[in-house]
Amino acid sequence: MLFLVAALLLLGVAMGSVAHAPLSVTLVAAAVIGTWLAVFAIRERRAHHR
C-alpha cells in the first residue's frame, strides 16, 4: 500500500512537470513508462501461471 501511495505521489510530481517539459521529453518519458508497465505486466502474468 505504501508503494501505491509513493507511486501516486511521483505521478503527481511528474504530471506537474509535464506542463513545463518540451513535447519530445514528454513523449520519451511516456514511452519509457509504457514499456516498463508492459514488461511488468508480462512478468506478473508469467509468474501467476506458474
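Student: Which residues make the nonpolar surface patch of about 870 Å²?

Tutor: A patch gathers residues with over 30% relative accessible area and no salt bridge (a Lys or Arg side-chain nitrogen within 4 Å of an Asp or Glu carboxyl oxygen), nonpolar side chains (Val, Leu, Ile, Met, Phe, Trp, Tyr) being joined within 5 Å and like charges within 9 Å. Here M1, L2, L4, V5, L8, L11, M15 and V18 make the patch. This is a predicted model, in which local features need pLDDT of at least 70 and side-chain atom pairs pLDDT 80 or more, while totals for chains, interfaces and linings use all residues. Residues are numbered from 1 along each chain, and side-chain values use heavy atoms, without hydrogens or water.

Student: Is V18 buried or exposed, or something in between?

Tutor: Buried means under 20% relative accessible area and exposed over 50%, with partly exposed in between (Shrake-Rupley method, 1.4 Å probe, protein chains only). V18, in helix α1 (residues 2-18), is partly exposed because its relative accessible area is 34%. F3, also in helix α1, is exposed at 65%, and A19, in the loop between α1 and α2, counts as exposed at 65%. Helices here are DSSP runs (H or I, at least four residues).

Student: How far apart are the C-alpha atoms of F3 and P22?

Tutor: They are separated by 29 Å, with the two residues 19 apart along the chain; for A19 and V32, 13 residues apart, the separation is 18 Å.

Student: How much space lies in the largest pocket, and what lines it?

Tutor: A pocket is an open set of points on a 1 Å grid where a 1.4 Å probe fits, with protein on both sides within 12 Å along at least five of seven lines, and lining residues have an atom within 4 Å of a point. This one holds about 490 Å³, and of its 19 lining residues A7, L10, L11, A14 and I33 are the closest to its centre. Helices α1 and α2 (23-49) each give two or more residues to the lining, and α1 has the largest share, eleven.

Note on methods:
Areas by Shrake-Rupley, 256 points an atom, 1.4 Å probe, with all protein chains shown as cover. Points joined across faces, edges and corners; volume = space filled by probe spheres on them.
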